[in-house]
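User: I would like to go through the terms used for this structure and the values behind them. Please start with the pockets.

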Amino acid sequence: MHVPDRYELNAGWALPNAYGVDRLVLLPKDPGNLFAYWEITPELDAKMKAEYQDWDQGRGVLRLHDLETGAVKEVELNGYADNWYIEADAADRTYRLEMGRILPSGRYVPLISSNTVRTPRDSISSVIDPRWRMFAFWQQRYYRRIISGLSSPEILFTDSPDITN
């Protein structure tokens, strides 16, 4: 099998701008923020325009659903955007995103829905796993250094055998 070298890996190929799949993907960025990206195919857009005559006059929105509290947060979209950062209401919660349009009549029409994600915790874990304890030998060695009051550079240059064991 031929193994490409580093010059063949980027030999003029480019990633496509679109893949032809209707999708909305939601990703947790950190405990307080989410990232969404999407692709709406021209076929789906044409279908919605045919079904709703005032589709173009409506405004695009993202609706963030907090699945644990039932709260809904709405973000108005720029017409040219294909990704968006969204501020989450709280850490350690489950969210789902929905893209749709609010028509001039005020009616909301859902277009596409995302996967569900859970934002990470913003605190230290309360689980203490005994399998991850230090070995007694290393504990004695490190605690002895702390008790002796020497800093790391001082320990490196100390000739005392009882401190650097």
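**Pockets and pairing in a predicted model**

Analyst: The lining of the largest pocket divides into eight nonpolar, five polar and six charged residues. Here Ala, Val, Leu, Ile, Met, Phe, Trp, Tyr, Cys and Pro count as nonpolar, Asp, Glu, Lys and Arg as charged, and the others, Gly among them, as polar. The model is predicted: local features need pLDDT of at least 70 and side-chain atom pairs count only at pLDDT 80 or more, while totals for chains, interfaces and linings use all residues. Residues are numbered from 1 along each chain as its sequence is written, and side-chain values use heavy atoms, with hydrogens and water left out.

User: What makes a set of grid points a pocket and not a cavity?

Analyst: On a 1 Å grid over the protein atoms alone, a cavity is a set of points where a 1.4 Å probe fits but cannot get out, whereas a pocket is an open set with protein on both sides within 12 Å along at least five of seven lines. Lining residues have an atom within 4 Å of a point. The largest pocket holds about 360 Å³ of space. Closest to its centre, among 19 lining residues, are Ile40, Gly79, Met99, Arg101 and Leu111. Strand E6 gives the largest share of this lining, three residues.

User: What does a volume stand for, and how much space lies in the second largest pocket?

Analyst: A volume is the space filled by probe spheres set on the points, with grid points joined across faces, edges and corners. For the second largest pocket that space is about 170 Å³. Its lining includes Pro16, Tyr37, Trp38 and Asp82, and E2 contributes the most, three residues.

User: Why are E6 and E7 called paired strands?

Analyst: Strands (E, at least two residues) and helices (H or I, at least four) are DSSP runs, numbered from the N terminus. Two strands pair if DSSP finds at least two bridges between them. E6 (residues 94-102) and E7 (residues 108-118) have eight bridges in the antiparallel sense, so they count as paired. Glycine 100 stands opposite proline 110 in E7. The two strands form a hairpin with five residues between them, and glycine 106 in the turn has a positive phi of about 95°.
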